[in-house]
Amino acid sequence: MEIKANEISALIKEQIKNYEHEIDTKDVGTVVTVGDGIALIYGLDKAMLGELLVFPSDVYGMVMNLEPDHVGAVILGDDHAIKEGDVVRRTNRVMEVGVGDHFLGRVVNALGQPIDGLGPISYEKTRPIEVIAPGIIERKGVNTPLQTGITAIDAITPIGRGQRELIIGDRQTGKTAIAIDAIINQKDQNVYCIYVAIGQKNSTVAQIVDKLRQHGALDYTIVVSASASEPAPLLYIAPYAGCAMAEEWLHQGKDVLIVYDDLSKHAVSYRALSLLLKRSPGREAYPGDVFYLHSRLLERACKLSDEFGGGSITALPIVETQSGDISAYIPTNVISITDGQIFLMTDLFNAGQRPAIDSGLSVSRVGGSAQFKAMKQVAASIKIDLASFQEMKSFAQFGSDLDSSTAKIIRHGETLLRILRQDQYHPYPFEKEVFELFAAKHSLLDSYPLNDVKNILHEAYEFVSASHQHVLLAIKREHEITPEIEKELLQLFQQFLSIYNQQKNN
């Protein structure tokens, strides 16, 4: 039997034509270069943006760049064990984190792994760290207050459940203190809390955890920590991981308070990643999408409509300024995303005002919608009174003789500032806030020495609590000051002040 050459040629061509098996580069890649927490990988043709990758020694990475001839990935851990030529495998899963009630009371890293030494966390469900925020149809207006227990905030810049309120100021002005007090005040309020520490020292996070534990707040709180000593990728994903944990409760119809401390360090970590990934630098070397970095995070805070469960996520992002410059790049970005800001002023802080809130620059775009009626009744004029005081105070510096009306405004403003002073880790119940602001509204303490104001208020509250507790309970229950309660409160204040004056004179 004779085999002709042209038949052999045709047969080979046919086999080549029908040969469909390709070298499998879809799910396996090779490390080309590695360093500074970044790996460039050849292969992985079908990799997805944000997909989880597995390196040798069970080190994980996340896809961040999709180039024509390679994939850029950030390494979520130590990159010293990874070397050129190592095989990288896809997981076919985007970056996700464990969620659920089992995380309450625990301190975890940005990957949801426990770092508090209390053993592993058993969870049944995970959620992707990046999701599209709920749309307009799924949302409803913010209409329920989230009480912080800080009188100056609940009166001047109220926060509602589902709101995003920025806390902004220079370093060491009490930004974190406000957030921690707000978490402590959620005890027995049916609000879950998540504190995300981005770029903080481990010792600072340990102190915060200890304070939360002392005040019984750790039972309903998760602490997500990406400390300053950890790689930039973990700092980058930490707030998204915290938000994913919050969204599990959001879709169960529950209320959540999440604190991002702070987004300045978050932006810096993202800038470091972007520059290492060879992305184009823009203003102050930040990448062009640094606005999107925070907007896609903060847009996930919302109040869902009743048809979708009625849950809420309230976000308190923190941003650090340099010398009070709120017109810098990152501060202006986050201000434009949020629903208002609490601005902390260094001069007020140094003058002993705690919290050092600048009532002029601080604003809440939700406003009265996030206040109970009783708070509206006693706090309506506070911002105007403080503004008048600041204006008159500046004029008073140039002249020694003040007319009676100017002196009265200045005296009332000074008393008001004293009433708004509050110690850290001592959030007030709602009825106490209303009680103290009632005294401010009616100028009941303007004639007393400034150093005695807080002491008088404390004793007056104790007096009413002991003998006429029904008045405070009515305010707490009804969230309103009826004409009868107002009349009784005025009588009680006058009764207490007469007793106080007699004791002082004796």
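Me: Which residue in β2 is the bridge partner of G29?
Reply: In this predicted model, strand β1 covers residues 28-35 and strand β2 covers residues 38-43. The two strands pair in the antiparallel sense over 6 bridges. In β2, G29 has as its bridge partner G43.

Me: In what order do the 6 strands of the barrel close?
Reply: The pairing in the barrel is antiparallel. From one strand to the next, the twist averages 45 degrees. The order is β1-β2-β5-β4-β3-β6.

Me: Which strands are the edge strands of the open sheet of 8 strands?
Reply: The open sheet has mixed pairing and the order β8-β12-β11-β13-β14-β10-β15-β16. An edge strand here pairs on one side only. The two that do so are β8 (107-108) and β16 (363-364).

Me: Which residue in β16 does Q341 stand opposite?
Reply: Strand β15 spans residues 340-344 and is joined to β16 by 2 bridges. The two strands run antiparallel. Opposite Q341 stands V363.

Me: At about what angle to β14 does helix α3 run?
Reply: Helix α3, residues 175-184, lies across β10, β11, β12, β13, β14 and β15. Helix α3 runs to β14 at about 160 degrees.

Me: And at about what angle to β14 does helix α6 run?
Reply: Helix α6 is made of residues 263-276. The strands across which α6 lies are β11, β13 and β14. Its angle to β14 is about 75 degrees.

Me: Is the crossing of α6 and α7 left-handed or right-handed?
Reply: On the α6 side, the residues that meet α7 are L263, H266, A267 and Y270. Their counterparts in α7 are V290, L293, H294, L297 and L298. The crossing of these two helices is right-handed.

Me: How many residues apart are R127 and E248?
Reply: The side chains of R127 and E248 meet in a salt bridge, 3.2 Å from N to O. R127 belongs to strand β9 (residues 125-128) and E248 to helix α5 (residues 232-250), so-called distant parts of the chain. The separation is 121 residues.

Me: Is E248 buried or exposed?
Reply: A residue counts as buried under 20% relative accessible area. R127, the salt-bridge partner of E248, has 17% and is buried. At 8% relative accessibility, E248 is buried.

Me: Is E96 buried or partly exposed?
Reply: E96 forms a salt bridge with R93, with the closest N and O atoms 2.5 Å apart. R93 has a relative accessible area of 37% and is partly exposed. The value for E96 is 21%, and the cut-off for buried is under 20%. E96 is therefore partly exposed.

Me: Which parts of the chain does the salt bridge between K504 and D452 tie together?
Reply: The closest N and O atoms of K504 and D452 are 3.2 Å apart. K504, at 47% relative accessibility, is partly exposed, and D452, at 21%, is partly exposed. The two residues are 52 residues apart in sequence, so the pair ties together helix α16 (residues 483-505) and the loop between α13 (430-441) and α14 (453-467).

Me: Which residues do salt bridges that share partners join into one network?
Reply: The count of salt bridges comes to 20. Some share partners and join residues into one network. Its members are R139, R164, E299 and D339.

Me: What share of the residues in the chain is buried?
Reply: The chain has 16 helices and 16 strands. Its C-alpha atoms fill a box of roughly 130 × 50 × 45 Å along the principal axes. Of the 506 residues, the buried share is 51%.

Note on methods
Residues are numbered from 1 along each chain as its sequence is written. This is a predicted model: local features need pLDDT of at least 70, side-chain atom pairs count only at pLDDT 80 or more; totals for chains, interfaces and linings use all residues. Side-chain values use heavy atoms; hydrogens and water are left out. Two strands pair if DSSP finds at least two bridges between them. Helices (H or I, at least four residues) and strands (E, at least two) are DSSP runs, numbered from the N terminus. Contact means heavy atoms within 4.5 Å. Axes are lines fitted to C-alpha atoms, for helices over the stretch in contact, and angles run from 0 to 180 degrees between N-to-C directions. A salt bridge is a side-chain nitrogen of Lys or Arg within 4 Å of a carboxyl oxygen of Asp or Glu. Buried means under 20% relative accessible area, exposed over 50%, partly exposed in between (1.4 Å probe, protein chains only). A crossing is left-handed if the near helix is turned anticlockwise from the far one by less than a right angle, and right-handed if clockwise.
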